[in-house]
Amino acid sequence: KRILYWLEPSNESLIKADTLFDGKNLPVQIKVTGQIVTEEGFPKSSLSKVGQEEVGKVFRYTKIQVLKKGQKKNGY
């Protein structure tokens with residue numbers, strides 16, 4: 001069974017995790033600190049309509065660190 005997590009920043013000054021992937025460069029690796037705020041649902045900022053996206057656990061993070069954001073040319 002798949003377990004889905006939605007990531008939600010706890011305040012506007014934090015990097016929004018969903019803006020880190022540009023559609024081309026993988027992998028994106030992040031480290032977040034926070035807590036699960038709901039077992040099934042959507043983040044507050046979600047514009048998703050029920051039925052178009054799958055519900056999941058909402059993890060509200062208070063800290064975010066970007067560990068890797070894609071690979072540079074030639075893998076470096």
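**Figure 1. Glutamate 8 in strand β1 of the predicted model.** Glutamate 8 belongs to strand β1, residues 5-9; strands are DSSP runs of E with at least two residues, helices are runs of H or I with at least four, and both are numbered from the N terminus. The model is predicted, so local features need pLDDT of at least 70 and side-chain atom pairs count only at pLDDT 80 or more, while totals for chains, interfaces and linings use all residues. Residues are numbered from 1 along each chain as its sequence is written, and side-chain values use heavy atoms, with hydrogens and water left out. With a relative accessible area of 4%, glutamate 8 is buried (buried is under 20%, exposed over 50%, partly exposed in between; 1.4 Å probe, protein chains only).

**Figure 2. Surroundings of the glutamate 8 side chain.** The side chain of glutamate 8 makes a polar contact of 2.6 Å with the side chain of arginine 60. A polar contact is a pair of N or O atoms within 3.5 Å; within protein, one must be able to donate a hydrogen and the other to accept it, and residues adjacent in sequence count only if both atoms are side-chain atoms. The glutamate 8 side chain also reaches the backbone nitrogen of lysine 44, at 2.5 Å. Beyond neighbours within four places in sequence, the residues in contact with glutamate 8 include Pro43, Ser45, Val58 and Tyr61 (contact: heavy atoms within 4.5 Å).

**Figure 3. The open sheet.** The sheet is open and has 3 strands in the order β1-β3-β2, with mixed pairing; two strands pair if DSSP finds at least two bridges between them. Because β1 and β2 (28-41) are at the edges and each has a single partner strand, one side of each lacks a neighbour in the sheet. On average, neighbouring strands of this sheet are turned by 40 degrees against each other, direction ignored (axes are lines fitted to C-alpha atoms, for helices over the stretch in contact; angles run from 0 to 180 degrees between N-to-C directions). β1 pairs with strand β3 (residues 56-69) in the parallel sense over 5 bridges. Tyrosine 5 stands opposite lysine 57 in β3.

**Figure 4. Glutamine 71 after β3.** Glutamine 71 lies in the segment that follows β3. Its relative accessibility is 45%, so glutamine 71 counts as partly exposed. Glutamine 71 and valine 28 are 43 residues apart in sequence, and their C-alpha atoms are 9.0 Å apart in space.
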